[in-house]
Amino acid sequence: MMYYIVFCFCYLLSLLPLRLLYVLSDFICLLIYRLFRYRVKVVRSNLSSSFPEKSPSELRAIERGFYHWFCDYLVETVKMLSMSEAEMRRRMRFEGIEEFDEAFSEGRSVTVYLGHYCNWEWVSSLGIHVSDKVRTAELYHTLESPAIDRLFFHLRSRFNALPIEMKEGFKTLSSLQSEGICSVTGYLSDQVPGYSSMHYWPQFLNHQTPTYTGAERIARILDTAVYYFDIFRPRRGYYVAKAVKICSQTKELPKFEITERYYRLLENSIKRAPEFWLWSHNRWKRTWKDFVECYPDEKERKRILSKL
């Protein structure tokens, strides 16, 4: 029942043109930023520790820009419920994806790394830009609210994408491969892993950062080509995702090199326009000190860190 209530409300809201939804976004921004101060402490802590070289006024400008963009992201995501394919094609463009054809011609699939940067939900429209013979998919974490989780599953599958729950990722993708179906799969890999999944700690935005390595692991096992989507926002309501090759042959790179290259590319995107990353996410809530305290035995830590 809750799902249908949420769905109906969001669908009716999505029928408004984006120009009116952006007016609503500006109002929401006043509420959550100026009135309720939603996660302002987390945002400020993340910004100041990531950019110690920036002045307080520069950090506040990024902070304000973040909240304006974040509210835009919310209404843009709701808009997906009724957005036509033609409008989505106009507002979410992809560049360089013709390079995927080289892998497809060899019967191989493509792994695409993403970050919580610009509107990652609209990237699920990639399915309307590739051949019908290619399956587009995206791995995701199940959300705590069953109603919201079901709503996002619907949103992410509207434009021919297959949402796959993370624990089913390898099983589903290997099944597609065994059936001879090529796929393009997106991974949001800038999330916080559990302690038992902290296999690699790259330097990212001035922090030693624990990270998931599942995307690299699956890419190596399935022998996929690997890309990163560098996303731009030319103006409000429009995004461009440019495919940047990380590697065409995973076996040519040492362990964790794919993950390392992803973080360098994501960091460059964020530094170019930092207001478009999800600063309200408590990305560095788990530290190396916490990891050591969780696994005081050095042999056990080495076992976890060597896993891929």
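Predicted model: local features only at pLDDT ≥ 70, side-chain atom pairs only at ≥ 80, totals over all residues.
A patch here is made of residues with over 30% relative accessible area and no salt bridge, and nonpolar side chains are joined into one when they lie within 5 Å.

**Stop 1: a patch on the surface**

Select Met-1, Met-2 and Ile-5. Together they form a nonpolar surface patch with about 380 Å² of accessible area. Met-2 sits in helix H1, residues 2-14. Its relative accessibility is 52%, and Met-2 therefore counts as exposed, the cut-off being over 50%.

**Stop 2: the largest pocket**

Next, select Tyr-73, His-116, Trp-120, Leu-143 and Arg-156. These lie nearest the centre of the largest pocket, among 49 lining residues. The space here is about 1400 Å³. To see what surrounds it, colour H1, helix H4 (56-79), E2, strand E3 (135-140), helix H7 (146-156) and E5, each of which supplies at least two lining residues. Colouring the lining by class gives 29 nonpolar, 13 polar and 7 charged residues.

**Stop 3: the second largest pocket**

Now move to Met-166, Tyr-212, Gly-214, Ala-215 and Arg-217, which lie nearest the centre of the second largest pocket; its lining has 20 residues. This pocket holds about 380 Å³. Which element gives the most to its lining? That is H9, with 5 residues. H8 and E5 are also among the elements supplying at least two. The classes here are 9 nonpolar, 8 polar and 3 charged.

**Stop 4: the enclosed spaces**

Rolling a probe the size of a water molecule over the atoms shows where empty space is left. Across the whole structure, a search finds 2 cavities of 30 Å³ or more. Select Ser-109, Leu-173, Ser-183, Leu-222 and Thr-224, the closest to its centre of the 13 residues that line it. Strand E2 (110-114), helix H8 (169-178), strand E5 (183-188) and helix H9 (214-222) each give two or more residues to this lining. It divides into 7 nonpolar, 6 polar and no charged residues.

For the second largest cavity, of about 30 Å³, select Leu-114, Gly-115, Tyr-117, Tyr-228, Phe-229, Ile-231 and Leu-266. Strand E8 (residues 225-235) provides the largest share of the lining, 3 residues. By class, the count is 6 nonpolar, 1 polar and no charged.

**Stop 5: salt bridges**

There are 21 salt bridges to find. Begin with Arg-236 and Asp-72, whose closest N and O atoms are 2.9 Å apart. Arg-236 is in the loop between E8 and strand E9 (238-247), while Asp-72 is in helix H4, so the bridge ties together parts 164 residues apart in sequence.

Then go to helix H9, where Arg-220 and Glu-216 lie 4 residues apart, about one turn of the helix. Their side chains meet in a salt bridge of 2.9 Å, N to O. Arg-220 is partly exposed at 21%, and Glu-216 is buried at 0%.

Continue to Arg-272 and Asp-230, which meet at 3.1 Å, N to O. This pair links distant parts of the chain: Arg-272 is in helix H10 (residues 257-272) and Asp-230 is in strand E8, 42 residues apart. Finish by selecting Asp-26, Asp-72, Glu-76, Arg-233 and Arg-236, which salt bridges with shared partners join into one network.

Key. Residues numbered from 1 in each chain as written. Heavy atoms only, no water. 1 Å grid on protein atoms, 1.4 Å probe; cavity = no way out; pocket = protein on both sides within 12 Å on 5 of 7 lines; lining within 4 Å. Points joined across faces, edges and corners; volume = space filled by probe spheres on them. Nonpolar A, V, L, I, M, F, W, Y, C, P; charged D, E, K, R; others polar. Patch = residues over 30% accessible without salt bridge, like charges linked within 9 Å, V, L, I, M, F, W, Y side chains within 5 Å. Areas by Shrake-Rupley, 256 points an atom, 1.4 Å probe, with all protein chains shown as cover. Salt bridge = Lys/Arg side-chain N within 4 Å of Asp/Glu carboxyl O. Buried < 20%, exposed > 50% of the residue type's maximum accessible area, 1.4 Å probe, protein only.
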